[in-house]
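User: I'd like to learn how to read strands, pockets and aromatic pairs in a model. Can we go through them one at a time?
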Amino acid sequence: MSDIKNALNRIHDWFQKNYPAKIASLASGLSPLEIDTLLSRLSFKVSKEVSEIYQWSNGYPIDEYADDWIFDYMFLLNVESAVKEARTWGEEHEEIARMYKYAGQPVLPVFMSDIEFLAVVATDDKQTTSPVVHISEIVEISLRYTNLTAMMLTLAESYETGGLFIGRKGYIEKDEKKYAAAYRKHNSGITELALERFLKISTEKPSGETLGILHNDLYMINNYGMEIPSSSLKTKVVNILLNLLQDEKYCYGFSVVLVLEEMRAVDALIQGLKHPEQSVRSRAAFTLAKIKAFEAVEFVSQLLEDPEPVVQEAVQEALDMFKNHR
């Protein structure tokens, strides 16, 4: 039995034992042939994980779903509705269709809540899995899980350990600490996916939009205590950001510092202390204190003589933070 099928069965067993009414209306699964026939209507391919989900259950139609959601706060779209929705996104006006893509790749919605979705990214012939992304009501697409298997393992373990539970009002609630532990365990490769996405969509100069995308991805990941390990990939991204920070033709300094904060890129943030914009110098000083970069105290202290009073105030606040962290 595959990991994803095992995780799905664990989720089912937990609800069957504790809240059987919430899975009473869950549809039966389809055969691989039925699933392949429906997925063939797409103009792109998806990972084998999608077929395994729908062999387990065919979920609910998009307009007839029940409130008994078991995938955190979302329900499983049946494959017919998922394919129809994906085709609609792809056939919309060019600008709209472009919004429903992840690093240029189309996506298939698999889970839904009101007008939010969790979707899987299209794959090529060499890929066996692909990222699960969140699509907000304003079509902001951000990373959520490394792949569908990681998502199901995270949810299964969270239910079993109390990371996810049914509250007094009957809705799924979250113990952030326990959920984060399960998330870290099963999504170890997600930071690399965020960095790879940034590199792919930043073929020329990064824009404010691409910086925002990377910041949103890393912010979510860091909320679960995920670290970005040192690697050639991280070095490449930091160098792009550092070059952008030092390029006076662009005014993205503050946004760059926010991304460097999420990356814990101390050396690059120290460079930000020399930036011509006072807001960038202030934020860099604050950020170095926030991430407890004690090796930067000497560099931050030098800005006590900054000509801008607002920078001096920020530096003093940063130095106070360093003292409180010790």
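Analyst: Let's start with strands: S4 and strand S5 (residues 132–135) run antiparallel and are joined by four bridges. Strands pair if DSSP finds at least two bridges between them; the strands (E, at least two residues) and helices (H or I, at least four) are DSSP runs, numbered from the N terminus. Keep in mind that this is a predicted model, where local features need pLDDT of at least 70 and side-chain atom pairs pLDDT 80 or more, while totals for chains, interfaces and linings use all residues. Residues are numbered from 1 along each chain as its sequence is written, and side-chain values use heavy atoms, leaving out hydrogens and water.

User: Which residue in S5 is the bridge partner of Ala119?

Analyst: That's Val133. Strand S3 (residues 105–113) pairs with S4 in the antiparallel sense, over six bridges. S3 and S4 make a hairpin with two residues between them, and Asp114 in the turn has a positive phi of about 55 degrees.

User: How many residues of S4 are buried?

Analyst: Buried means under 20% relative accessible area, exposed over 50%, and partly exposed in between (1.4 Å probe, protein chains only). In a regular strand the side chains alternate between the two faces of the sheet. Strand S4 (residues 116–121) is mostly covered, with five of its six residues buried.

User: On to pockets. What volume does the largest pocket have?

Analyst: First the idea: on a 1 Å grid over the protein atoms alone, a pocket is an open set of points with protein on both sides within 12 Å along at least five of seven lines, whereas in a cavity a 1.4 Å probe fits but cannot get out; lining residues have an atom within 4 Å of a point. Points are joined across faces, edges and corners, and the volume is the space filled by probe spheres set on them. Here the largest pocket comes to about 760 Å³. Its lining has 29 residues, with Val139, Glu140, Ile141, Arg197 and Ile213 nearest the centre. H9 gives the most to that lining, six residues.

User: What classes of residue make up the lining of the largest pocket?

Analyst: Ala, Val, Leu, Ile, Met, Phe, Trp, Tyr, Cys and Pro count as nonpolar, Asp, Glu, Lys and Arg as charged, and the others, Gly among them, as polar. That gives 12 nonpolar, eight polar and nine charged residues for the largest pocket. The second largest pocket holds about 270 Å³, and H8 gives the most to its lining, with four residues.

User: And how many aromatic pairs does the structure hold?

Analyst: A pair of aromatic rings is described by the distance of the centres and the angle of the planes. Rings of Phe, Tyr and Trp (its six-membered ring) pair if their centres lie within 6.5 Å; planes under 30 degrees apart are stacked, over 60 edge-to-face, the rest tilted. The structure holds 15 such pairs. Trp69 and Phe75 have ring centres 6.2 Å apart and planes at 35 degrees, so that pair is tilted. Trp69 is buried at 17% relative accessible area, and Phe75 is buried too, at 1%. Tyr183 and Tyr224 also form a tilted pair, 4.3 Å centre to centre with 35 degrees between the planes. This one links distant parts of the chain: Tyr183 sits in helix H7 (residues 176–186) and Tyr224 in the loop between H9 and helix H10 (232–246), 41 residues apart.
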